Amino acid sequence: MSSRSPVRLPAYTPHPDFELESDHLDGTVAAMLRQIEFWEDRDNLMGADLETSIILGDEAGEHAAMLSPHVKEPYFGSLRVRVGGREQTLYIGRHAFRDVKGPHSVVSWDSEVGSLFYSDVLGWTPRKGGQGVIRRRRQLDITQKQLLRVTDLYDEDTGGDTGGREEVLLRRLEEGSTAGMRDVVETLQPEQNEAMRAPVGVPVIIQGAAGSGKTTIGFHRLSWLTNTDRGVHQIRPEASMVLMPNKVLAAYAGRILPELGLGGVNVTTPETWAVGLLGLEKLEVTDRTLTLLLTDRDNTRRALAWRRAKLLGDARMLDVVRTHLWARFNAGITGRQLSESVEIPGRDLVQLTLSEADLAGLLRDVFAADPLDGYRAGLKRLIEAEALQRLNVPEDAEATVLRQLATGIQAILGRVFASTTPVTETRRLLASPEALAVSGLLTEREIALLQTDPLSGIPTPRRAYADVTEIPLMLTMQAFMGGIGRSVGRTLEVFDHVVLDEAQDYSPLLYALLARATRPGHLTALGDLNQGMHGYKGPSSWEAVQAQLPGAQVLTLNRTYRSTRQITQLGARIAATYNRAAQVQGVDRDGAEVQRYTALASETAELTLLAQAVKDARNAGHMNIAIVTRRGVDADRLSAALRDHDTDAQPITTQEHRYVGGLVILPVNLAKGLEFSAAIVASANADTYDESTEYERRLLYVSASRALHWLGLVSVGDLHPLIREG
């Protein structure tokens, strides 16, 4: 936190250029409406023939539909620049617009020139050469075609930096939260802009504290990558994927991305994506390790479960699986050969024989090539290619010959890959100390750890299931046997780009798999190691991720924008007990003091305190309010009981629930990644959050860092030592 006094917003005095800017806005709106009207009038779009006219009309209609939503707010800023002795003003908006008959054009925020609005640089070299100089940056607040405010961020004529950027940011942060995500296009800060526009074609890991804007930056980076300025690294939304840690956040993100022009992006969870690739959509996915961590008080058992889960996601398991499959598939080839009589047009009947040694050599070549669509498809291709070459088959007869060989080839593949499905093979591997030892990568102690079952006391579903800790291994089996990537019909392609939110909760093994499934360098990871609630699945350091993503850059966001000074200071006090990152600086935004509610134990004490906290938050003007509990069962219990205290909180206790705003009650593991105008931490004491356990302190930090403006702490008995006053 900064030690400076909090910034106070000055009273607004109309800017001297307000009328000029208002007139320019009117002209821009009129120019856009004229262009839309022109596009929508098909009589203006007559081609050489009817078909051409229809195509031109359809294209114009698409242009009109894309521009129309931006007429109400055509831009949000401007740059006065001097290039080659000529001065001009460029207006920056969400959508580019060219006024062919006047001075009312708009530059897109995601263009190279648009980037200058967010940075602190004062000079640049345009593509056409020469030298450009920034003379003024200006923020323009526009709503419903009306100019509301003009704020200069930088003005060369009045001494440079005006402090306006901080003023605009504070105004935005004072606004209440909604059920969506903040739109930061207007207020990207220089460090956020730099992270969003990190070099393309290089994996990027963005490390930032709660409220630093990581998720929003990642989504805007995805949008930025769709711009044609990115050249060969331009991406297609429909060929990209965003992975969120749970379905609540996935649904949340799914509502936001279309607003950034990313309606075709696949937004899902790693588990949903994995079971889809496995073709096991009805398989129930559990997280019994998390259940144990949240419910079991035996620290020895919790530590054992943590270590076993970490080992299952270790990147070495990639080669453990590969070595296991090499031994298994070679055993399947033993004693096999392909022997078929083939009719080739214009020739006598010929005999094709591929011996056991031939097949073993082809399998070796497949393992060396490591094809995207897996070993089975790769071996089939190599056998077919070898057969065609040995028989010297003319190109026009290849299809005929391959049809004759199909049955024999399928028989060989059936033998080699017999009874090897990703789920069964994963469990076969984990159940066999001998198979785990083949690679030589695991120690005896590690193999023994994989044979233990610290989760034996956690109930399992009655139907077929897989645990999240097993999913990366099953996905590894799938990657080698059946392929991994983006399904396009019956084929697999690499993703154009993948974004991982809460990236500290994804295993190094999963990163290794995603590196196979994505274009080289096209992965953006957004996370905070200090918020690793699911650290049993995640990496111990970003270096472990960089080892799987060659050339990956780690960019650190040192400023948090979410919460008021009072809330940020409280969170920093908790995080300081385990924080491994550089000290985080908060925005100097003053707010309400943290509210503390305590009472002596009684049957209704906690409910009375929670109801009072909700009432106080509402009286302070907050509508989107969360009561955060430690466990899902606590949320269910309190939701029902609070109705008797005239407090109706919507429970969000499973990933199938959706956050739509208002008053909600949810466990900390589902609150992660969300933010609210006000948050209330239930049972905020040492009995609920064990002070001696780092994992418990992390949970408390996440609970207390969900609020933007108002935070309440509730406890029957004393509050947790880390959040008491003083």
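Tutor: Buried means under 20% relative accessible area, exposed over 50%, and partly exposed in between (1.4 Å probe, protein chains only). This is a predicted model, with residues numbered from 1 along each chain as its sequence is written. Local features need pLDDT of at least 70, side-chain atom pairs count only at pLDDT 80 or more, totals for chains, interfaces and linings use all residues, and side-chain values use heavy atoms, leaving out hydrogens and water.

Student: Fine. Which residues of H11 are buried?

Tutor: In H11 the buried residues are Met317, Leu318, Val320, Val321, His324, Leu325, Phe329, Asn330, Gly332 and Ile333. Helices (H or I, at least four residues) and strands (E, at least two) are DSSP runs, numbered from the N terminus.

Student: What span should H11 have?

Tutor: Helix H11 covers residues 317-333, so its 17 residues at 1.5 Å a residue should span 24 Å. The expected span is 1.5 Å times one less than the number of residues. The end C-alpha atoms of H11 are 24 Å apart, in agreement with that value.

Student: What is the phi of Gly335, which follows H11?

Tutor: Positive: Gly335 has a phi near 80 degrees.

Student: Now H19. How many of its residues are buried?

Tutor: Nine of the 10 residues in helix H19 (residues 508-517) are buried, so the helix is mostly covered.

Student: Which ones in H19 are they?

Tutor: Pro508, Leu509, Leu510, Tyr511, Ala512, Leu513 and Leu514 are among them in H19. Arg516 and Ala517 are buried in H19 as well.

Student: Switching to strands. What is the order in the six-strand sheet?

Tutor: It is an open sheet that runs E22-E27-E26-E23-E25-E24. Its pairing is parallel. Two strands pair if DSSP finds at least two bridges between them.

Student: Which strands stand at the edges?

Tutor: Strand E22 (595-599) and strand E24 (650-651). Each has a single partner strand, so one side of each is left without a neighbour in the sheet.

Student: How many bridges join E22 to E27?

Tutor: Five, and E22 and strand E27 (residues 707-716) run parallel.

Student: I'd like a residue pair to click on. What does Thr598 stand opposite in E27?

Tutor: Ser715 is the residue opposite Thr598.

Student: Let's go to E1 and E2. Is their pairing parallel or antiparallel?

Tutor: Antiparallel, with seven bridges between strand E1 (residues 77-83) and strand E2 (residues 86-93). Gly77 has Ile92 of E2 opposite it.

Student: How many residues lie between the strands in that hairpin of E1 and E2?

Tutor: Two residues separate E1 from E2 in the hairpin. Gly84 takes a positive phi there, near 60 degrees.

Student: And which way do E2 and E3 run, parallel or antiparallel?

Tutor: Parallel: E2 is joined to strand E3 (residues 107-108) by two bridges.

Student: Which residue in E3 is the bridge partner of Ile92?

Tutor: Val107 is the partner of Ile92 in E3. So you can look at Ile92 from both directions, given that Ile92 in E2 also stands opposite Gly77.
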